[in-house]
Amino acid sequence: MPAISPWDENLANFLKQLASQYRYASDFTLGGLRRAIQELLVVFPIYRTYITPAGLSRRDRSHIERAIQAAKRQKPQLANELGFIEKLWLLDYDEDMTEEDKGQWTRFVMRMQQFSGPLMAKGVEDTLFYIYNRLISLNEVGGCPGRFGITLSEFHGFNQQQATYWTESMNASSTHDTKRSEDMRARLNVLSELPDEWEAAVTSWKQMNQHRRQDDSESPDANDEYFLYQTLVGVFPFDPYDLGEVRDRVEQYVVKAVREAKVHTAWLRPDSDYEEAFVEFVRQVLADGDDNDFLAAFRPFQQKIASYGMLNSLSQTLLKLTAPGVPDLYQGTELWDFSLVDPDNRRPVDYGRQGQLLQDLQNWAAADLPGLLADLKQNASDGRIKLFSIYCLLTTRHQYRDLFDRGEYRPLRVTGKHADRVVAFLRKSGDAQAIAIAPRFCTELVEPGQFPLGEKVWGNTAVEIPGSSAQTWVETISGRSLARRTTLTVGQLLAEFPIALWITT
């Protein structure tokens, strides 16, 4: 049972006052109503509803009804109290109610909406997301750690909804409040493609690091140790790197993480023994020296994951910058960024260096675009490949503002051997059209360090293009052109660069 706070005590008292005014609810006890509120909000799946005196959306109604049913299954003895709360929350007014009484119901709904958000933030984001470590890239603000992605049809359906109703919503993949940066999550998502290899690696590392624990110490426990290995896979920089800097960042992070989890220690009741033992374990695991057998085993696996993670990041960047909505770039994410939660993600960004890199890329592209693209792929780990992609995609967005700000969104049918490993959609506004092509699940397509390019990789995989005009498609990053056809192979569309945005006007 959640601890009682002044917030839910006040809310329960207000609910009791309302209940006392109606014959069908007057015998509910304060304790029963308080427990009903708690049980309902524990299973509530979103931060808050957006109900006003004018009514509620179908989506909000669905969330409320499903949460009420879940709470009733958990606590059937509170079914009547939960039913009363449902009636209020759905603004299911009784006949002949006065405007004053309706106002009281609305006031209760507003109070519930004010309460559910902070409860979600503290109970889920700042506690559960540091305990449930099955795949920590899923433990993100607004995310659901039990849901491993969505289907392509769900993805396209969401974007069609956004294109119709929410054209100015923010497409953000990293913010000041994300638990892990966009590129770190893109890395960790690769683990879901290699579960057997990942399990074998973790099992080996645990055995290897057993002697690095302090004598008789139970810190870190198995869950926290698993959390650490995922963190290291995601946070480790590309070569060359400063191991001492990595170690310092992770030491600070694990203390924050276990305090947020509130299992062995907490901000208000710190257990210094557990924390210090965990920090010492990190120091031993990341110790300098050629005799560190863990790092010798860990680095090849981590580099493999990082290689595929770059491909995930590039696809994610394309989708964010071309799907309906307004793309947002958090500070520093123009290059590869493997930040943890604050304060790690508040570190200073060298904008002067980034500006100079961009200027150099622009100059090189103007003089020798094929040479630049070859260099970016050869040195992908330095992050310039992401910076140049962002530059080209944002330049295209600016040039075709109506197309991306208000354009239609249409999923494209993909056929062939690797049809399920491609995300393809069309944006259309008047005569202007754009096709976005992003690969996914690349561990099944290419070896580490390679790019999923050309007919050899994609074979007969093809994208069906609506219409049959003789116009020409031009790719915004590589500068290549293709005659427009009703079908184009993915090998043609992704011949020179691992993501593509094709434009025709």
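I began with helix 8 (residues 195-208) and helix 9 (residues 222-235), which pack at an angle of about 115° with their axes 11 Å apart. Helix 8 passes helix 9 in a right-handed crossing. From helix 8 the contact takes in Trp-198, Val-202, Trp-205 and Lys-206, and from helix 9 it takes in Ala-222, Glu-225, Tyr-226, Tyr-229, Gln-230 and Val-233. Sorting the residues of this contact, I noted seven nonpolar, one polar and two charged. I keep in mind throughout that this is a predicted model.

Next I followed the loop between helix 8 and helix 9, where Pro-220 is found. The peptide bond from Ser-219 to Pro-220 is cis, with omega near -5°. I flagged this because most peptide bonds are trans.

I then looked up residues with a positive phi. Asp-96, although not a glycine, has a phi of about 60°, and its place is in the loop between helix 4 (79-89) and helix 5 (99-125). With a relative accessible area of 77%, Asp-96 is exposed, because the cut-off for that class is over 50%. Phe-441, also not a glycine, has a positive phi of about 55° and lies in the loop between strand 6 and helix 16 (454-458). Its relative accessible area of 32% makes Phe-441 partly exposed.

Is Glu-182 buried or exposed? Glu-182 lies in helix 7 (residues 182-189), and at 2% relative accessibility it counts as buried, because the limit is under 20%. Leaving aside its neighbours within four places in sequence, I listed the contacts of Glu-182 as Ser-173, Ser-174, Gln-316, Lys-320, Thr-333 and Lys-386.

Turning to the strands, I traced an open sheet of six, in the order 3-5-6-11-8-9, with antiparallel pairing. Its edge strands are strand 3 (408-411) and strand 9 (481-483), each of which pairs on one side only. The twist from one strand to the next averages 25°. Strand 3 and strand 5 (residues 422-429) run antiparallel and are joined by four bridges, and Tyr-409 stands opposite Arg-427 in strand 5. Helix 12 (residues 293-322) lies across strand 5, strand 6 (432-439) and strand 11 (500-504), and runs at about 155° to strand 6.

Another open sheet has three strands in the order 4-7-10, again with antiparallel pairing. Here the edges are strand 4 (414-415) and strand 10 (487-489), each pairing on one side only. Strand 7 (residues 462-464) is joined to strand 10 by three bridges, the two running antiparallel, and I found Ala-462 opposite Thr-489 in strand 10.

Of its 505 residues, 51% count as buried, and the accessible surface comes to about 23,400 Å², with 50% of it belonging to carbon and sulfur atoms. Among contacts with a separation of 6 or more, residues 24 or more positions apart account for 69%.

Conventions:
Residues numbered from 1 in each chain as written. Predicted model: local features only at pLDDT ≥ 70, side-chain atom pairs only at ≥ 80, totals over all residues. Heavy atoms only, no water. Axes fitted to C-alpha atoms, helices over the stretch in contact; angles between N-to-C directions. Left-handed = near helix turned anticlockwise from the far one by under 90°. Contact = heavy atoms within 4.5 Å. Nonpolar A, V, L, I, M, F, W, Y, C, P; charged D, E, K, R; others polar. Buried < 20%, exposed > 50% of the residue type's maximum accessible area, 1.4 Å probe, protein only. Pairing = 2+ DSSP bridges. Areas by Shrake-Rupley, 256 points an atom, 1.4 Å probe, with all protein chains shown as cover.
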